Amino acid sequence: MRAKMSKLVVTFPTTTAALRWERRCQTLNIPGRLIPVPVTITADCGLAWAMPPEARNRLEEVAELERSACLAMEL
Amino acid sequence: MIYLNNAATTLQKPPCVAQAVLEAMNSLGNCARGAHTGELSAARTVFQTREALARLLGFSHPERVVFTANATQALNTALLGLLRPGDHVIATDWDHNSVLRPLYRLEKEGDVALDFLPADRQGRLLYQKLEGLLRPNTRLLVGTHASNLTGNLLDLERMAAFARAHGLLFLLDTAQTAGSTPVHMEKMGVDVLCFTGHKGLMGPQGTGGLCISPSVDLRPLLTGGTGVRSFERGQPEEYPDHLEAGTLNGHGLAGLGAAVEFILKTGVEAIHAHELELTTQFVRGLQEIPGVTVYGDFSGDRAAVVALNLEGWDPAAATDTLSRDYDIAVRPGIHCAPRMHQALGTQDLGCVRFSFGWYTTREDIHTALAALKEMSQPS
């Protein structure tokens, strides 16, 4: 079994918000990718953004974008 | 075939549209129904199409561009989602059955009162009568941007100013103009804008939608799966999911996105200028053909639609002859515009409608005029 890794998981109210987030992060070279929302999260949208925890400070660069929550998880 | 029925659908599309649909059918999954490569590709494609349409239509909220199967579904979503029992609506004689029938249904069910801004014998709307139609419970003003029969354009400035002055919502049907006539929803003061994807936008059939201003909330026409908030009994409140129950036409929307990008690159002003030039050429040519009656007002800017009758010809027979003898496609009948035919006095006969598009050429117009001239000769 693959070892679990620490991730920062950002959730969104809509798929549109998730896609807007993805595009901005790609433009700014903020690491991460869209993943299916882990079942343990009560999320609005089925997509979440998973990123390395050490990149947390980069969230300030996308502070104006719509999101629901930001959680530290083992995935 | 010379296809002059672009007000019904643009048969000729930019090649990138079919290519985008084909690629989508071979690669797209279901938007918002997973996070695999295919599903993400679908979600990104749909999102890009929303953004491109928002850019084209002068709307700064792509997340409030909601997709439907066609303009009819968009208009039903808007009218049935907006109107409440006791509301009064002002529509116009130009309106298509996609506006009229939902309104007639609401009126028949006793929920909504209805009045129409009349058109005169030349099809000109009598805007000075707007004030007289106003009631204390008037909530909505509906207008079609261009008559699908005469091609005349709505006086948007006047309609929007009237709506604003009296606190009404303004709903605009752009079925005949989106993609072929400049539209800027926010500058025009439109609250809800409905469009179809397969006419001026040159996308696939089965695509359409509506842009909904953030100040407006609509009750969903359809409820069901959205891929989000699955334990909630009601539709999610957030747009576009609020109004998009069920799987979207991802393949069609990929084609529509390609079409809109083509229009943005070409320039809607250039498209409009081309179509206007063809219309002018056609109308000038008609003046030299005996027995032709043309309907509508030709004094200003317009959409590329010309309705006419040829003396001695039933419109259906004229259309059939144009098709069989000259390989020219046009449309006879009532064109789903009963009130406009009544205003023009053509309700018993109908008329023949010619409508031009981006791929219509000057040679096509020349050939159509020659055919009509020949048909006008005594046999």
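**View 1. Polar contacts and salt bridges link chain B to chain A.** Between the two chains, 3 residue pairs are in polar contact, both residues at pLDDT 80 or more. A polar contact is a pair of N or O atoms within 3.5 Å; within protein, one must be able to donate a hydrogen and the other to accept it, and residues adjacent in sequence count only if both atoms are side-chain atoms. This is a predicted model: local features need pLDDT of at least 70, side-chain atom pairs count only at pLDDT 80 or more, and totals for chains, interfaces and linings use all residues. Residues are numbered from 1 along each chain as its sequence is written, chains are lettered from A and ligands numbered from 1 in the order written, and side-chain values use heavy atoms, with hydrogens and water left out. Chain B and chain A also share 3 salt bridges (a side-chain nitrogen of Lys or Arg within 4 Å of a carboxyl oxygen of Asp or Glu). B:Arg44 pairs with A:Glu22 in a salt bridge, their closest N and O atoms 2.4 Å apart.

**View 2. Chain B meets chain A.** Here 19 residues of chain B are in contact (heavy atoms within 4.5 Å) with 16 residues of chain A. The buried area is about 1,400 Å², and carbon and sulfur atoms give 57% of it. This is the accessible area (1.4 Å probe) that two parts lose on being put together, summed over both. In chain B, B:Ala35, B:Phe47 and B:Arg229 lose the most area to chain A, together 34% of what that side buries.

**View 3. A salt bridge sits within chain A.** The side chains of A:Glu64 and A:Arg24 meet at 2.3 Å, N to O. A:Glu64 lies in the loop between strand E3 (47-51) and strand E4 (69-74), and A:Arg24 lies in helix H1, so the pair ties together parts that are 40 residues apart in sequence. Helices (H or I, at least four residues) and strands (E, at least two) are DSSP runs, numbered from the N terminus. Over all chains, the structure holds 13 salt bridges.

**View 4. A:Asn29 has a positive phi.** The angle is about 55°, although A:Asn29 is not a glycine. A:Asn29 is in the loop between helix H1 (15-27) and strand E2 (33-36) of chain A.

View 5. B:Pro240 is in the loop between strand E8 (208-212) and helix H8 (250-266) of chain B.
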